[in-house]
Amino acid sequence: MSAGVLLVDDEPLIRAGLRAIIDSEDDLSVLGEAADGAEVPGLVARLRPDVVLMDVRMPAVDGIRATTHLMSTLDNPPKVIVVTTFENDDYVYDALVAGASGFLLKRARPEEIVAAIRTVVTGESLLFPAAIRRLAAHHAPAPSGDGLAGAGLTEREREVLRLMAGGLSNVEIAGELYLGIQTVKTHVGNVLAKLGARDRTQAVVRAYDSGFVTPAG
């Protein structure tokens, strides 16, 4: 089954390069392109992509506003990967908080771009967990107790969330906790539901923001 991708970047050369990389893969295809975030809602409604590669900085409507709009207006929005020049870009963490599933650097190698798209499509592991941890270190507020105490997570679900924040995939979590893979998927689904998170990236951002986990570990 092929995953459809929408490219959103104000630089035509960037879009052309991404299109060439993505369309060379049998399981990925570019459905359309946009030069600004203002074009995104209409294109998403018409093309129904699985993933949007979204430039974080654009002239009229930037990637954060476009991502926020998608997440707040659609029942089943596409996964968003924000694309940026600098890993420590202040906008990147804001985009993750807004609902993006991860980010890519514009200098990323072709195989990294392809792997990133596949990672967010499957949703069974966290995209670049070390980078998200570094961003959280700069942006997450100082912890003041367990901010997830009211979420009703069981002890096992709390263990699963900590391992998710460490970047472990479902298979790795199963091995770490000596559980079946289907049991892990059930726990992950329960964590997402209780935190009101649409994917594991959002759950992990929530865990950092609440002080439940810290960038130091």
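Helices (H or I, at least four residues) and strands (E, at least two) are DSSP runs, numbered from the N terminus. Ile21 is found in helix H1, residues 12–23. The model is predicted: local features need pLDDT of at least 70, side-chain atom pairs count only at pLDDT 80 or more, and totals for chains, interfaces and linings use all residues. Residues are numbered from 1 along each chain as its sequence is written, and side-chain values use heavy atoms, with hydrogens and water left out.

Contact means heavy atoms within 4.5 Å. With neighbours within four places in sequence left aside, Ile21 is in contact with Pro110, Ile113 and Val114. Ile21 and Met58 are 37 residues apart along the chain. Their C-alpha atoms are separated by 22 Å.

Salt bridges come next. A salt bridge is a side-chain nitrogen of Lys or Arg within 4 Å of a carboxyl oxygen of Asp or Glu. The structure holds 14 of them. One of these joins the side chains of Lys106 and Asp55, at 3.5 Å from N to O. This pair links distant parts of the chain, 51 residues apart. Lys106 lies in the loop between strand E5 (102–105) and helix H5 (110–122). Asp55 belongs to strand E3 (residues 51–55).

Burial is assigned from relative accessible area: buried means under 20%, exposed over 50%, and partly exposed in between (1.4 Å probe, protein chains only). Asp55 has 3% relative accessibility, so this residue counts as buried. Lys106 has 25%, and therefore counts as partly exposed. Both residues also belong to a network of salt bridges that links Asp9, Glu11, Asp55 and Lys106.

A further salt bridge pairs Glu112 with Arg109. Their closest N and O atoms are 3.2 Å apart. Glu112 counts as partly exposed because its relative accessibility is 27%. Arg109 is also partly exposed, at 46%.

Arg158 forms a salt bridge with Glu155, the closest N and O atoms lying 4.0 Å apart. Both residues sit in helix H7 (residues 155–165). They are three residues apart, about one turn of the helix. Arg158 is buried, at 17% relative accessible area. Glu155, in contrast, is exposed at 52%.

Helix H7 also packs against helix H8. Axes are lines fitted to C-alpha atoms, for helices over the stretch in contact, and angles run from 0 to 180 degrees between N-to-C directions. The axes of H7 and H8 (residues 170–177) come within 10 Å and cross at roughly 130°. Angles under 35 degrees count as roughly parallel, over 145 as roughly antiparallel, 65 to 115 as roughly perpendicular and the rest as oblique. H7 and H8 are therefore oblique to each other. H7 contributes Arg156, Glu159, Val160, Leu163 and Met164 to the contact, and H8 contributes Ile173, Glu176 and Leu177. By class, five residues are nonpolar, none polar and three charged. Ala, Val, Leu, Ile, Met, Phe, Trp, Tyr, Cys and Pro count as nonpolar, Asp, Glu, Lys and Arg as charged, and the others, Gly among them, as polar.

Helix H4 (residues 90–98) packs with helix H10 (residues 200–210) at an angle of about 115°, their axes 9 Å apart. H4 and H10 are therefore roughly perpendicular. The crossing is left-handed. Tyr93, Leu96 and Val97 of H4 meet Thr201, Gln202, Val205, Tyr208 and Asp209 of H10. This contact has five nonpolar, two polar and one charged residues.

Notes
Left-handed = near helix turned anticlockwise from the far one by under 90°.
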